[in-house]
Amino acid sequence: ELTKNYKNRFKDEASLLATAGILDALVYIFMDQTINPQEIIDIAQKSVSSKEEALIDFIIKLEVKLFKIDTPDMDISEIENACIGQKEVIVKAIQKTKEKHTSEPRFALDVANFMSSAKFKPYRKMLGIKGKFLFF
């Protein structure tokens, strides 16, 4: 959804990945307040700068972060091993999504809201997302 409808508004791949991560972690950020958006931005920047497979690396690292929040008593190395063990599943899911992109209405609405609502403007600014119009 982000790439399809908003790609030209992102300054770089890290900004795009971080936005996707923030959208995925909305509950953790705004309701539970267990993760800071900057943590997701940091994960995205590290994934882009250190890996050829930035998207896959980002997904795995974000999942580790979220699972750690959900299962605080579980050892981090077990969480990391479980997420890394799902790499092939993640790769297949990405390929399937790219081949048959059909956005779910709820997700499309969340993305549109994030990209246009005044409520999220500080987060778009933090991410370096360009405004819809050049003169705004």
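Reader: Which helix is Arg 106 found in?
Author: Arg 106 sits in helix H8; helices here are DSSP runs (H or I, at least four residues), numbered from the N terminus. This is a predicted model, where local features need pLDDT of at least 70, side-chain atom pairs count only at pLDDT 80 or more, and totals for chains, interfaces and linings use all residues. Residues are numbered from 1 along each chain as its sequence is written, and side-chain values use heavy atoms, with hydrogens and water left out.

Reader: Is Arg 106 buried or exposed?
Author: Arg 106 is exposed, at a relative accessible area of 57%. Buried means under 20% relative accessible area, exposed over 50%, and partly exposed in between (1.4 Å probe, protein chains only).

Reader: What else is exposed on the face of H8 turned away from its buried side?
Author: That face carries Pro 105, Leu 109 and Ser 116 along with Arg 106.

Reader: And which residues of H8 are buried?
Author: Val 111, Phe 114 and Met 115. Looking down the H8 axis, the buried residues fall within an arc of 95°, so they line one face of the helix. The arc is that of the directions from the helix axis to the C-beta atoms.

Reader: What do the buried residues of H8 pack against?
Author: Their partners are helix H1 (2-6), helix H2 (13-24) and helix H9 (121-127). Contact means heavy atoms within 4.5 Å.

Reader: How many residues does H8 have, and what is its reach?
Author: H8 covers residues 105-116, so to speak 12 residues, and reaches 16 Å from its first C-alpha to its last, close to the 16 Å expected at 1.5 Å a residue. The expected span is 1.5 Å times one less than the number of residues.

Reader: Switching to H4: which residues are buried there?
Author: In H4, the buried ones are Pro 37, Ile 40, Ile 41, Ile 43, Ala 44 and Ser 47. They cover an arc of only 160° around the axis, which puts them on the same side of H4.

Reader: What's exposed on the other side of H4?
Author: Lys 46 and Ser 49.

Reader: Which helices do the buried residues of H4 pack against?
Author: H2, helix H3 (26-31), H5 and H9.

Reader: At what angle do H2 and H4 pack?
Author: About 140°, with their axes 8 Å apart. Axes are lines fitted to C-alpha atoms, for helices over the stretch in contact, and angles run from 0 to 180 degrees between N-to-C directions. H2 and H4 are therefore oblique to each other: angles under 35 degrees count as roughly parallel, over 145 as roughly antiparallel, 65 to 115 as roughly perpendicular and the rest as oblique.

Reader: Is the H2 and H4 crossing left-handed or right-handed?
Author: Right-handed. A crossing is right-handed if the near helix is turned clockwise from the far one by less than a right angle, and left-handed if anticlockwise.

Reader: Which residues of H2 and H4 meet?
Author: Among them are Leu 17, Ala 18 and Gly 21 in H2, and Ile 40, Ile 41 and Ala 44 in H4.

Reader: How do the axes of H5 and H6 cross?
Author: The axes of H5 (residues 54-70) and H6 (residues 76-85) come within 9 Å and cross at roughly 140°. The crossing of H5 and H6 is right-handed. The contact includes Val 64 and Phe 67 of H5, and Ile 79 and Cys 83 of H6.

Reader: What separates the C-alpha atoms of Val 64 and Arg 106?
Author: 25 Å, with the two residues 42 apart along the chain.

Conventions
Helices (H or I, at least four residues) and strands (E, at least two) are DSSP runs, numbered from the N terminus.
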